[in-house]
Amino acid sequence: MEAKALQGGEFLCRKTNSNDVFIPEEFSEEQLMIAQTCNDFLNAEVIQNVNRLDEHEEGLMPQILKKAGEMGLLGVSIPEEYGGFGQNFVTSMLASDVMGAGNAFSVAFSAHSGIGSLPILYYGNEEQKQKYLPRLASGELLGAYCLTEPGAGSDANSGTTKAVLSEDGKHWIINGQKMWITNGGFADVYTVFAKIDNDRVLSAFIVERGFEGISFGAEEHKMGIKGSSTVQVFFNDCKVPVENQLGKRGEGFRIALNILNLGRIKLGANVIGASKRAITVSVMYANERKQFRSLISSFPAIKFKLAEQVIRVFANETTVYRISKNIEDAVEMYISQGLDKGVANVDAQRDFAIEAALIKVYGSEMLDFVVDEGVQIHGGMGFSAETEIETMYRDSRINRIFEGTNEINRMVVSDTMIKKGMKKAIDLLPEAEKVWAEIENLQETPTFSDDYHTRNQQYIENFKKATLLITKLSIEKLGKKIETEQEILFNLADMMMQLYVVESNQLRVEKMDKVIKKHDIDLYKDILDVLMYESSQIIYKAGLDAIFSITEESEQSKFVKALLHYTKVKPVNYINARRNIANKLIEENRYCFSNY
Ligand SMILES: Cc1cc2nc3c(=O)[nH]c(=O)nc-3n(C[C@H](O)[C@H](O)[C@H](O)COP(=O)(O)OP(=O)(O)OC[C@H]3O[C@@H](n4cnc5c(N)ncnc54)[C@H](O)[C@@H]3O)c2cc1C
């Protein structure tokens, strides 16, 4: 019997088999070719121009974007009938991943091909799609997305930009101000969110640069991604033809949130390319720089850093493609049930909102870690504006802020998970109940199998129990108040995030070993061993924080004992594991742990 597909959030309360996950080692020839094309494009057009872009050379960014359009790279996710490449979800993530190595260009690319184009693809009527999509796919038109306002950031629905119908009923007249608009300085088409009359919720509109009443502020002076255009956009009696309303009245906030789901998972892919490049730059430097008459790459402290960089990037990559394939499968399922392609995409992405938020947080924090250690490996040179790693360090920081700050996204993870559990959409509560009963009779130390993969599966099962236990404890102790106890929501989000990431990697390494039969599997087992150990510690610490904050001292020992039990792993020699990983990287002199 075919196993029921895993639904969003279900990873917490259901087991997954390694055969049921997609891993990067399974990319098709065609997908690898697309990755190569993106890579070639970056090398030819972007990497050599990073400094010119950073100095904001007039017209350079739109020119490179248009070249990407001529090569078909802007329309990877746009269906062929609208002039795009019509690729599936996994392939579009792969393109975002590789393009992520393009610093500020990757932000402009993502804004155009994601939030700048997809609202029209997913919510536009046929006429709107025919009018805009082919030209957005070819780069003839460039896109931007205007949600944020000076007074409405995380609380996006509180915006005050207003739309009223003109007396002749032919135009929406928009007044208001948007800020932090990526590609704003040169885009031709803007998806703009505004409230009609005194509505409580937003509606959406397609606004062209040439419309009467739209104007633009000066370029913002930013910490990083300096090459990307970021401006304020002003609407002063801006006349938008009524046929340019996107979706139904009041549907704007839903559009904004759904597009953000996509933006989040795309960001999770984007940071892979960026971090792999940061690792390559770091190891190349470490393989050249000598101190104490030795290459610094020979020092264990530097090897430790290089290995940690690799482990986290690998972990992120695994997780992104697991989610991407889940979403792709859900899209196909919805289409087979008769849903329109756009609706199917939106619904599938919404189903995996927890995973999208989780990978946005994990990925952005992973990249910050990788570039920070990259600077450290470069020593003083890392602080010099002449090195690539300095730009990467500055460019990385924005990822924790846009597409929903990491604070907001952490709350999306745990809050949505709890709500899904309460609504019985997933079996969270019955599974948590079983753990609750089990902890009464726990043995002092868990026993583990001698078989490598079985043992790792047992760790994952226990991490799930730890997370379920603390989730249930929080619900019991806080009730409805949990929504405002943000520290606890953060503890739960960290446990869920780490669990999902490490489970994805356990499944990947098992599949690589048993199905792909990778000859150098020991290296990947080293990655998994360190990740498993580090995850156990993060899950333990987050759980402990919660227990100490929400229980009385007299009841704490039972929960602490259970948490310790469920986060135990059999230790391996972590120094050797990290050195093996670093030695391979040092030998290859580039990131070499994936097949693309
Ligand atoms: C370079 C750049 C490019 C951008 N591009 C675009 C774009 O193209 N289009 C667009 O529409 N927007 C864009 N943005 C805006 C971006 O999405 C917002 O900056 C972001 O959503 C955060 O909003 P804010 O800056 O108003 O911060 P605020 O919402 O004021 O947040 C400030 C702090 O408070 C925290 N906080 C807020 N609410 C809560 C809460 N309920 N609980 C706990 N903590 C909370 C936040 O996490 C953050 O730490 C861009 C921003 C930048 C900097």
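**The ligand shell and the helix contacts**

Me: Which element gives the largest share of the shell around the ligand?
Reply: This is a predicted model, where local features need pLDDT of at least 70 and side-chain atom pairs count only at pLDDT 80 or more, while totals for chains, interfaces and linings use all residues. Elements are DSSP runs, numbered from the N terminus: helices are H or I with at least four residues, strands are E with at least two. The largest share of the shell is three residues, and it comes from β3.

Me: How many residues surround the ligand?
Reply: Residues are numbered from 1 along each chain as its sequence is written. The closest are Leu-147, Gly-153, Ser-154, Thr-405 and Glu-407. The total around the ligand is 19 residues.

Me: Which elements give two or more residues to that shell?
Reply: One of them is β3 (171-182). The others are β1 (143-146) and α13 (406-422).

Me: How many residues of the shell are charged?
Reply: Ala, Val, Leu, Ile, Met, Phe, Trp, Tyr, Cys and Pro count as nonpolar, Asp, Glu, Lys and Arg as charged, and the others, Gly among them, as polar. The shell has 10 nonpolar and seven polar residues. The charged ones number two.

Me: Between which domains does the ligand lie?
Reply: Domain bounds come from an automatic or database domain assignment. That assignment gives domain 1 (24-142), domain 2 (145-248), domain 3 (253-408) and domain 4 (423-588). Two of these both give residues to the shell, so the ligand lies between domain 2 and domain 3.

Me: What distance separates the centres of domain 1 and domain 3?
Reply: The centres are taken over C-alpha atoms. The distance between them is 18 Å.

Me: Are α9 and α11 roughly parallel or roughly antiparallel?
Reply: Axes are lines fitted to C-alpha atoms, for helices over the stretch in contact, and angles run from 0 to 180 degrees between N-to-C directions. Helix α9 (300-336) and helix α11 (353-378) pack at about 160 degrees, with axes 10 Å apart. Under 35 degrees counts as roughly parallel, over 145 as roughly antiparallel, 65 to 115 as roughly perpendicular and the rest as oblique. Therefore α9 and α11 are roughly antiparallel.

Me: Is the crossing of α5 and α8 left-handed or right-handed?
Reply: α5 and helix α8 (252-286) pack at about 150 degrees, with axes 11 Å apart. A crossing is left-handed if the near helix is turned anticlockwise from the far one by less than a right angle, and right-handed if clockwise. The crossing of α5 and α8 is right-handed.

Me: How many nonpolar residues are in the contact of α3 with α5?
Reply: Met-61, Ile-64, Leu-65 and Ala-68 in α3 meet Phe-105, Ala-108, Phe-109 and His-112 in α5. One residue of this contact is polar, and none is charged. The nonpolar count is seven.

Key
Near = placed C-beta within 6 Å. Contact = placed C-beta atoms within 7 Å.
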